[in-house]
Structure formats: structure tokens, C-alpha cells
Amino acid sequence: MDHFRNPRNVGEIPDADGVGTVGNPVCGDVMAIYIKVKDNHINDIKFKTFGCGAAIATSSMITELAKGKSLDEALKITRNDVADKLGGLPSIKMHCSNLAADALREAVKDYRKRQEKHQNG
Amino acid sequence: MKKVYFDHTAGMPVDPQVFEAMNPYFNHFYSNPSSLHSSAQEVRRGLQNAREKVSELIGAKNGEEIFFTSCATESNNWAIRGVASRNRDRGKHIITTTIEHMSVMNVCKYLIKQGYKVSFLPVDNYGLVDLEALQKELADDTILVSVMYANGEIGTIEPVKEISEVVHDKGVCLHVDATAAAGQVPIDVVKEGIDLLTLSSNDMYGPKGAGALYVKSGTRLEPLIFGGGQERGFRSGSENLPGIVGMGRAAVIAKARMRKERLRLTKLRDTFINGLLETISYSFLNGHPTKRLPNNVAVRFSFVEGESMLLNLDIAGVAASSGSACTAKTLEPSHVLRAIGLKHEEAHGSLLFTLGSQNSEEDVGYVLDLLPDIVKRLRVMSPLTPKEVKESV
């Protein structure tokens, strides 16, 4: 509830190193996660969410969990980690934490793709 | 903390006068009205009186046309299955709309499995039934048309009299679900040409667990519940006397207060709607602006989601409802909001405030002060909000 009332790390990072957007308005949830990477670690992370209370709380929680972690560690964060940290989620809301974990993975993937391009180009 | 209740369509308090009227029927008048002894007589009188009072609320000829049930869902199930079953030798076609309550929708879906054909009439953007489409759908094998009097989710009141004329021109039976409308707006089953009408007790400050079906005399209908032959053989089961007496009392109060309360709520409703639409950009009304239930404020806000608005309102002491199904058991938005042409994300951004007898101007003002900031905060957080909107809010 606290993460819904006072979500952490709301916003976007204009010069982000990686961005992950998942979900669609049809099912009612859209999440975007922005990361800034330094020495292979997540240096800064922000999110934007259109969705229900659980969607907002899970996005806030995953940014807290991922902050300061290495990229490999961040990729290992599962939807259960997010739900557990929040004190559990009703099963109908589990897809929200799934979305949060997916958005983070997409952001890391996006960062790595950009790096490759950079090295190749 | 201030508490404001704006969810009357979902549940209403029982009027203290209703509660008082019910009270003796728990411990004092507990006899079975079917019994022969004299203590049953008093109970029979209470039952008959309730029947008369409910019939007076809807302009029925007499109490004999009122049958008590357990709730509006049962009345809807009975009306549709009862007519379908009794008339299957005449035809197997039923017409209803895309914005009915699930207790109509799901009975129709069941009947499709039983070999009936059901047409779901589309509605316009306000939720009004298209009379021409209705006329075209009516066929020689049509046995029933079921249309709601008013929709509780978007507030729109249907043109029942016009619908009835079209339906009766073809000699077809008309069922009207008046759950959301009864007690709020005047209904006259005779003048409006209604053959079957569903009523709910709790939707007019009566107790839960009671409902009624008006059946115009001569209507071909089979019972839904078989047993000891109560309700003149049409609805068996020992009568729920406290509930029935409460519903009767609720009908009396609703009738007496209707004219004044209707004006008061309509004014409050329009202050509420206009206030929201004026102070919040990209906000829209769901349903018809004037052909509308006096207590219904259904609005939607672009770029934000209903449940997160509801939770924020709840934190501030306001009970409201959303059209978003995230709150229900599926993730699909409400079929009603989809039927009036809203996109998924528009439906998800809908809120429903339903006003009641205890709500004041102060309650409305409280939400008008509160909601713009909530929407603003969620819009800043939403990836769907365009940049120029973010800067303007």
C-alpha cells in the first residue's frame, strides 16, 4: 500500500541508456522503465505506469529492488520477488508484477542492444 | 476522517422506517401466511399490504400482478426463462440489448445453448436502444423483448414507451428490468405498456434478499421455482415476510419522496458532473446528459486508470466504483462501456459515482476538491499522457 501511496522513482530519464515498455492499454496496464547504467550496474532507474493500484506498487517496488544491482542480478528479479516484497498480491493481480519484471528485462535488453550497436558501429 | 458514500448502485442502506416496519416480522408476526390459525391472518395482511404498495409504485392495476422473489437477478431469470419456456411452441427468438445486466445476459446465453436464438441489439454512444434496429429484428418467431428501464452504470434511461409500441405492434411480450430506475423516476406499467417488470428492494432503500416481478395479467409465463405453490403457484417457497414487508414500506417511502428527491438529486448530479468536466481536462461524461438517472455520475478521464483513482479516493474516505474490470474477476472492461463505443483504455479510465438520500452538496464539493489532484498525479505517472497535457495540468 505504501508503494501505491508514495511510489518511488516516478518519472522518465531523458538520456536513459535503456528503456523497456510493456503491456498495452487494452488489458489496462502499460509500464515503461528507464535505466541509466554505469560499470554494468543500474545507476539510476525510473518508471511510468498506467494501471491499477497493484501495477503502480509493483513498478515502484521493482525500481527499488533493481537500483544499484548489476545487470545480471537485475535480470534475475522475478515476479515473485516483487510480490513477496510487497507482502503478497492476489492471484488476479500477479500479472502486474509479471509486467514489472518484464519491463525491467526489456530495459536491460535495450541497453545491451544499444551497446552492441555502439561497438559494432 | 470524512466518509462519503457514492456507491449506491452497488448497495444502499436500509431506511430506518423500513427497518422499523420489518422488525415485528422477525419475532412477533412469524406465522406462515399459509397457515389456517388466526395468528397467520395478521401475517397474510402484511403480505397483501406489501403487494398493494409495490403495485402502487409502478402504476399496476392491483397487487395481484406483483410476485415477490428473492432479488432482481431471480426476477430477470424468471421473466426470461418463464416466457421462453411457456412460448416455445410459438417461436424461439428473443431480443435484448448489449447493455443489459449480467442476470439478463447470462440467461440469454444459457437459452442459446438450449436452442433459442437471441439478438443483442446495439445501442448508440449514449446507450440508447435504436428503435429502427429493434423493428428490423422483430420476426414472426420472436416471443420476447427484454430491455432495461435505465442502465445503472451509465445512467441512460431508455425510451420504454416507444419501445413498447414497436414491440406490441408485432404482438410480442415486453420485459423491462427496472432495477436501477424504480424508486428514482416515475414508472407506469400501464401507460408505458410493460408486460413484465423486474424490481429490486435494496435499490430503493429496502432490505437485500427481496425483489419482485410484475406480471401483467394474461401474460404467458411458467414458474421458475416449483414447490408448495406460494405466490399463486408461480413462485414457491415460504415467503420472506420481513423482506417483503420491508420492500413494501420502501415502495411507499420512494413514492412519497420521489418528486422532491428527484429534483434534489438531479441538481446535485449536474453540479457534480459539470464541476468535474470543468476542472479536469480530457474528461468526458458516460451516458446521456439529460435522459439520465438522477443519481448517476459516470465520467471518464483520459490517460489514467480507474482502479488507481478509486484507491486514492478510498484513502481520502470516498467510496465510489469503476467501470474497469481490474476490480472484478476478469481483466476485460465492462461490456456496457464497450457497447457504447468506448475503447479499452477509455473504459479503463471510467469512474462511477451513484448518489443517495444522505448525500449533500458538501459531499459533492469534497470530491470536486479532491479528484483533480488525484488525476493530475496519476497523469504525471502515466506513460500514455501526451507531453503537452502533462505541462498543462
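These legends describe close-up views of a predicted model.

**View 1. The fold of chain A.**
Chain A holds 5 helices and 3 strands. From the N terminus, its elements follow the order α-β-β-β-α-α-α-α. The radius of gyration of chain A is 14 Å, close to the 14 Å that the globule rule gives for 121 residues, so chain A is as compact as a globular protein of that length. The C-alpha trace of chain A spans about 45 × 30 × 20 Å along its principal axes. Of the 121 residues in chain A, 44% are buried.

**View 2. Helix α5 of chain A.**
Helix α5(A) covers residues 94–120. At 1.5 Å a residue, its 27 residues should span 39 Å, and its end C-alpha atoms are 39 Å apart, which agrees. Buried residues of α5(A) include His95(A), Cys96(A), Ser97(A) and Leu99(A). Further along α5(A), Ala107(A), Val108(A) and Tyr111(A) are also buried. An α-helix has 3.6 residues a turn, so residues three or four places apart point the same way. What do the buried residues of α5(A) pack against? Their partners in chain A are the strands β1 (18–24) and β2, together with the helices α2, α3 (71–75) and α4 (79–85).

**View 3. Where chain A meets chain B.**
Chain A brings 19 residues to this contact, and chain B brings 18 residues. On the chain A side, α1 (2–5), β2 (29–38), β3 (41–50) and α2 (53–66) each supply at least two residues. Which element gives the most to this side of chain A? It is β3(A), with 3 residues. The residues on the side of chain A that touches chain B divide into 12 nonpolar, 5 polar and 2 charged.

**View 4. Two crossing helices in chain B.**
Helix α3 (residues 38–57) and helix α8 (residues 241–279) of chain B meet here. Their axes come within 8 Å and cross at roughly 35°. The crossing of α3(B) and α8(B) is left-handed. From α3(B), the contact residues include Val43(B), Gly46(B), Leu47(B), Ala50(B) and Val54(B). From α8(B), they include Leu241(B), Ile244(B), Val245(B), Gly248(B) and Ala251(B).

Note on methods. Residues are numbered from 1 along each chain as its sequence is written. Chains are lettered from A and ligands numbered from 1 in the order in which they are written. This is a predicted model: local features need pLDDT of at least 70, side-chain atom pairs count only at pLDDT 80 or more; totals for chains, interfaces and linings use all residues. Two residues are in contact if their C-beta atoms, placed from the backbone, lie within 7 Å. Helices (H or I, at least four residues) and strands (E, at least two) are DSSP runs, numbered from the N terminus. Ala, Val, Leu, Ile, Met, Phe, Trp, Tyr, Cys and Pro count as nonpolar, Asp, Glu, Lys and Arg as charged, and the others, Gly among them, as polar. The radius of gyration is taken over C-alpha atoms; the globule rule is 2.2 Å times the number of residues to the power 0.38. A residue is buried if 20 or more other C-beta atoms lie within 10 Å of its own, exposed if 12 or fewer, and partly exposed in between; C-beta atoms are placed from the backbone. Axes are lines fitted to C-alpha atoms, for helices over the stretch in contact, and angles run from 0 to 180 degrees between N-to-C directions. A crossing is left-handed if the near helix is turned anticlockwise from the far one by less than a right angle, and right-handed if clockwise. The expected span of a helix is 1.5 Å times one less than its number of residues.
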